[in-house]
Amino acid sequence: MKKIIVEGLKYKYPLADSLALNDVTFDIKQGEFIGIIGKNLAGKSTLCQALVGLVPHFYKGAYGGKVIVDGLEVKNHSIADLSLKVGMVFQNPFTQVTGSKTTVYEEIAFGLENIGIPRTEIIERIDSVLDLLNIEQVKDHNPFDLSGGQMQRMAIASIIAMKPDILVLDEPTSQLDPAGSEEVFQAIQSLSKQGITVILAEHKMEKIAQYCDRVLLLNNGKVVDFDTPGKIFSREDLEGYGLTAPVYTRVCKALGVKKAGTDEYPVTLEEAERVLRGDGA
Amino acid sequence: MKSISLYEEKASFVHDVDPITKLWYIPFAILIPIILPSFTISFLFIGLSLVLLLGAKVIRKTIPVFGFVFLILITVVLIQGMFKPENETVLFQIGPLTMYKEGLLFALTITLRVINIICAFMILVLTTKPSDLVEALVRKGMSPRIGYVIVSVFQIIPEMMATMSTITDAQRARGMETEGKLLVRIKAFIPLLGPVVLGSLINTKERAMALEVRGFNSQAPKTYLYEEKTYQFSKVLQIGMLLLTMAAVSWRIFL
């Protein structure tokens with residue numbers, strides 16, 4: 001079942017001279033884990049915001065084409081309606097703190113109160129996301145007193161608690177250390193396995209290669225390619241788009257070893273190990 | 001984090017009273033001495049408020065507030081005592097300055113009223129968490145948007161101040177003079193404003209987006225994490241205050 005359909009999406013920010021998104025077309029099935037990659041200003045954040053309705057409702061600007069999210073056409077529905085289906089986590093965890101709550105626990109409750117979840121369920125959901133993102137120990141702290149990493153986890157928890165069918169994450173691990181990002185990715189993956197559709201814009205290519213089912217490669221607001229991590233990272237022109245493949249892929253490329261029976265280079269540690277040990281060859 | 005709210009968390013019977021009842025107490029305590037303008041009633045209400053503040057164990061927090069207010073009240077006493085047009089009866093003289101009875105009595109009325117108003121507000125402000133008060137009001141039908149604005153100010157302002165000190169440090173690290181004479185300090189203040197104001201505007205935009213995706217504008221009826229704070233005697237107190245006010249009004253009209 002197609003969860004998200006984007007057709008010929010064009011978008012220009014007010015006062016901008018060029019299109020931020022130019023004729024973007026793709027579709028995503030339910031439960032897929034999608035990575036969005038591209039250099040800075042390629043349109044990753046804009047695309048993420050187009051899926052939750054911030055583009056065009058929040059910014060206005062020139063909009064063309066169609067985005068259908070879980071049967072709702074974004075152009076014709078308010079952000080509040082869409083927020084019940086799609087949750088979005090932004091890059092900067094600091095500005096995602098509402099400022100109206102004095103503890104992490106209350107902060108996570110904010111969205112749930114707004115959409116009218118009954119009290120007992122609010123408490124259940126908060127307890128489960130605190131556990132999922134491993135921030136139970138700071139639940140009574142003031143949100144502004146948290147470290148960047150804890151704040152980022154809290155931001156993700158606040159959205160996950162709203163139980164959206166689709167989760168859009170815009171560089172959700174920028175403030176986290178390697179162990180922390182791994183934990184967050186594992187948490188997101190476990191949600192993905194429960195059937196939630198995940199769309200993730202990220203610069204950490206190793207993580208994209210490891211977790212994503214498909215990768216959308218953007219450049220200057222256009223879709224260059226939308227395929228499996230293996231195919232995307234095996235592209236010869238990747239550097240032309242300002243990207244580098246995962247380190248495993250680069251090593252295997254330098255050694256000239258491809259996955260057996262395919263034209264792709266390995267993209268994860270496991271694949272590279274298998275190929276280099278000669279098990280798969 | 002530093003808070004700009006005066007609320008003090010303590011366990012007392014005043015803290016247990018729900019915010020709406022405390023809110024009702026303010027017009028009650030202000031109106032009655034105006035309806036029944038006698039010094040006895042004014043003293044009675046100030047006494048009552050002070051007893052409540054003592055009971056709430058927050059009386060120490062009121063000292064700086066009163067300190068500030070007394071400064072203004074002293075000028076009221078001096079000016080009214082010396083220059084009120086109705087002044088006739090000389091009370092005493094200090095050198096060339098003459099104090100009159102009429103003016104001083106009038107100044108006393110003002111002073112009592114001001115102290116009374118301040119005491120009544122302090123009971124609410126010092127013993128009620130701002131977010132509890134706003135939540136109670138939102139439950140009563142106030143717009144959650146206005147509620148958000150009021151509550152968030154208490155956290156966003158200290159955040160802006162923290163940002164400001166970070167920027168000051170950054171500029172000091174690049175060799176700017178920020179300490180010393182007044183002129184130096186003023187000069188150091190100007191380049192701070194740009195980054196702080198612009199930064200806040202950008203933050204506000206991002207925060208607005210984050211609020212949107214968390215259903216801030218949702219039409220669904222709002223629910224609350226905490227159960228409504230109720231106080232067993234709140235109805236009694238509210239009705240009691242209303243009856244007393246009505247009694248005072250009829251006393252004034254019919255007697």
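**Stop 1: two domains in chain A.** Colour residues 2-233 of chain A as domain 1 and residues 246-281 as domain 2; these bounds come from an automatic or database domain assignment. You are looking at a predicted model, where local features need pLDDT of at least 70, side-chain atom pairs count only at pLDDT 80 or more, and totals for chains, interfaces and linings use all residues. Residues are numbered from 1 along each chain as its sequence is written, chains are lettered from A and ligands numbered from 1 in the order in which they are written, and side-chain values use heavy atoms, with hydrogens and water left out.

The C-alpha centres of the two domains of chain A are 31 Å apart. Nine residues from domain 1 and nine residues from domain 2 make the contact (heavy atoms within 4.5 Å).

Stop 2: The area buried between domain 1 and domain 2 of chain A is about 660 Å², with 66% of it from carbon and sulfur atoms. Buried area here is the accessible area (1.4 Å probe) that two parts lose on being put together, summed over both. Now select A:Glu206, A:Gly230 and A:Phe233: in domain 1 they lose the most area to domain 2, together 64% of what that side buries. Helix 8 (205-211) and helix 9 (229-233) of chain A each supply at least two residues of this side of domain 1; helices (H or I, at least four residues) and strands (E, at least two) are DSSP runs, numbered from the N terminus.

How many salt bridges are there between the two domains of chain A? The count is zero, a salt bridge being a side-chain nitrogen of Lys or Arg within 4 Å of a carboxyl oxygen of Asp or Glu.

**Stop 3: helix 4 of chain A.** Select residues 104-114. Eleven of the eleven residues of helix 4 are buried, so the helix is largely enclosed by the rest of the structure. Buried means under 20% relative accessible area, exposed over 50%, partly exposed in between (1.4 Å probe, protein chains only). Among the buried residues are A:Tyr105, A:Phe110 and A:Leu112. To see the cover, show helix 5 (119-132) and helix 6 (148-160) of chain A, and also helix 7 (144-173) and helix 8 (182-213) of chain B, which are included in it. After helix 4 comes A:Gly116, with a positive phi near 75°.

**Stop 4: A:Ile37.** Find A:Ile37 in strand 3 (residues 33-37) of chain A. Is A:Ile37 buried or exposed? A:Ile37 counts as buried because its relative accessibility is 0%. Leaving out residues up to four places away in sequence, A:Ile37 touches residues including A:Met205, A:Leu217 and A:Phe233.
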